[in-house]
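These are my notebook entries on one protein structure. I record what I looked up, entry by entry.

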Amino acid sequence: MTAPLSKTALKTALALGAGLLSVASLAVALPSRAVNTESTMMAQVEPNQDNLQMQCPGSIGVNDVNFRVLYTREAGFSRIIFTRRSTGQTIAETTLSYDRTNAQGQGIWRGSVQGMADVTLVHLSNRAPQVGDQVSVGYDMQWGRGTCARSATPL
């Protein structure tokens, strides 16, 4: 002997028989343990996956040195190029790797030039990098500052 059908189950059976049931009404008619089809169909989007590309030019007050930091959302502050301010000639280039955050919550990236000069970049904000942010760059124990701007050319 079978148990009698509930009113909801009876309505569902009648709707199925008449071919009138839509996906939305099925979710309502099913017991509470059913999967919510609306939430499983929404696309999951990774944060910070836009195509932001920035260059952060700046200078180190002594030693006639300018720098240009390259940033992409995908790689972060990934590369820095040092040039002679007076001639524009490239004097060094290195890749940077994320190290940690400091006590103020600012990101720190590190690299070295030919294993002889340490390079340190501090992102002077405790939020995700964006246009207008400042960076502090240490090269060969001298420090300078730069401001980030959107890059129009591919990095």
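I began with Asp64, which counts as partly exposed at 24% relative accessibility; here buried means under 20% relative accessible area, exposed over 50% and partly exposed in between, with a 1.4 Å probe and protein chains only. I noted that the model is predicted, that local features need pLDDT of at least 70, that side-chain atom pairs count only at pLDDT 80 or more, and that totals for chains, interfaces and linings use all residues. Residues are numbered from 1 along each chain as its sequence is written, and side-chain values use heavy atoms, with hydrogens and water left out.

**Positive phi**

I placed Asp64 in the loop between β1 and β2 (65-72); strands (E, at least two residues) and helices (H or I, at least four) are DSSP runs numbered from the N terminus. The phi of Asp64 is near 55°, a positive value in a residue other than glycine. I then turned to Met141, which is not a glycine either and has a positive phi of about 65°. Met141 sits in the loop between β8 (134-139) and β9. With a relative accessible area of 77%, Met141 is exposed.

**The disulfide**

How many disulfides does the structure hold? I found one, taking a disulfide as a pair of cysteine sulfur atoms within 2.5 Å. A disulfide is a covalent bond between the sulfur atoms of two cysteines. Here Cys56 is joined to Cys148, with an S to S distance of 2.1 Å. The link of Cys56 and Cys148 is right-handed, with 100° about the S-S bond. Cys56 belongs to strand β1 (residues 53-60) and Cys148 to the loop between β9 (142-147) and β10 (149-150), so the pair ties together parts that are 92 residues apart in sequence. Both Cys56 and Cys148 are buried.

I also looked up Gln55, which lies in strand β1. Gln55 is buried, at 17% relative accessible area. Its side chain makes a polar contact with the side chain of Ser151 at 3.1 Å. A polar contact is a pair of N or O atoms within 3.5 Å; within protein, one must be able to donate a hydrogen and the other to accept it, and residues adjacent in sequence count only if both atoms are side-chain atoms.

**Tyr139**

Which residues does Tyr139 contact, leaving aside its neighbours within four places in sequence? I listed Ile60, Val65, Phe82, Ala92, Val113, Ala117, Asp118 and Val119, where contact means heavy atoms within 4.5 Å.
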